[in-house]
Amino acid sequence: MSLEREGWIYVANRNALLSGEFRVVYDGDTPIAVYNIDGSLYAIEDVCSHDGGDLAGGAVYGFEVECPRHGARFDVRTGAVTMPPACVPIACFPVREHDGAIWTRDDR
């Protein structure tokens, strides 16, 4: 099976993305931040819906990532806004593990 032929984007080897860490990859022009939270993987669009800034690198509180620019928070499991000033949710993407590697894609 070739995940690349199916449109999946390689993120990292599973053992290279430890709990509490994240990686940003691009599916075309779409930045996708993949988070390892307590061993579970989540992928969101790495763009704050409030002002278009990067979310990756912002503080993570449980399942929420905080935008480092203005403090908006988003749930990495659903993309839902959990704290203003943002009011529009962000996209979530599928994450797949295959042969020890992590993959994601913009499936919109």
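**View 1. Aromatic pairs: the chain has 3 of them.** Rings of Phe, Tyr and Trp (its six-membered ring) pair if their centres lie within 6.5 Å; planes under 30 degrees apart are stacked, over 60 edge-to-face and the rest tilted. The model is predicted: local features need pLDDT of at least 70, side-chain atom pairs count only at pLDDT 80 or more, and totals for chains, interfaces and linings use all residues. Residues are numbered from 1 along each chain as its sequence is written, and side-chain values use heavy atoms, with hydrogens and water left out.

**View 2. The tilted pair of Phe 22 and Tyr 35.** The ring centres of Phe 22 and Tyr 35 are 5.7 Å apart and the planes stand at 40 degrees, so the pair is tilted. Phe 22 belongs to strand E2 (residues 22–27) and Tyr 35 to strand E3, so the pair ties together parts 13 residues apart in sequence. Strands (E, at least two residues) and helices (H or I, at least four) are DSSP runs, numbered from the N terminus. Phe 22 is partly exposed at 33% relative accessibility, whereas Tyr 35 is buried at 2%. Buried means under 20% relative accessible area, exposed over 50%, and partly exposed in between (1.4 Å probe, protein chains only).

**View 3. The edge-to-face pair of Tyr 42 and Phe 63.** Here the ring centres are 5.8 Å apart and the planes stand at 80 degrees, so the pair is edge-to-face. Tyr 42 sits in strand E4 and Phe 63 in the loop between E5 and strand E6 (64–66), so parts 21 residues apart in sequence are tied together. Tyr 42 counts as buried at 17% relative accessibility; Phe 63, at 28%, counts as partly exposed.

**View 4. The largest nonpolar core, of 15 residues.** A nonpolar core is a set of buried Ala, Val, Leu, Ile, Met, Phe, Trp, Tyr and Cys residues joined through side-chain atoms within 4.5 Å. Tyr 35, Ile 44, Leu 55, Val 65, Phe 74 and Val 76 touch the most other members. Strands E3 (30–37) and E4 (40–45) each supply at least two residues of this core, and the largest share, 3 residues, comes from E3. Apart from this core lies another, of 11 residues, among them Leu 17, Ile 32, Val 34 and Leu 41. Not counting residues up to four places away in sequence, Tyr 35 touches residues including Phe 22, Ile 44, Leu 55, Val 65 and Val 76. Contact means heavy atoms within 4.5 Å.

**View 5. Strand E4 and its partners E3 and E9.** E3 and E4 run antiparallel and are joined by 6 bridges; two strands pair if DSSP finds at least two bridges between them. Ala 33 has Ile 44 in E4 as its bridge partner. The E3–E4 hairpin has 2 residues between the strands, and Asp 38 takes a positive phi near 55 degrees. E4 also pairs with strand E9 (residues 92–93) in the antiparallel sense over 2 bridges, where the partner of Ile 44 is Cys 92. In E4, 5 of the 6 residues are buried, so the strand is largely enclosed by the rest of the structure.

**View 6. An open sheet of 4 strands, in the order E5-E6-E7-E8.** The pairing is antiparallel. Strands E5 (60–61) and E8 (81–83) form the edges, each pairing on one side only. E8 is joined to antiparallel E7 (residues 73–75) by 2 bridges, and Arg 73 has Met 83 in E8 as its bridge partner.
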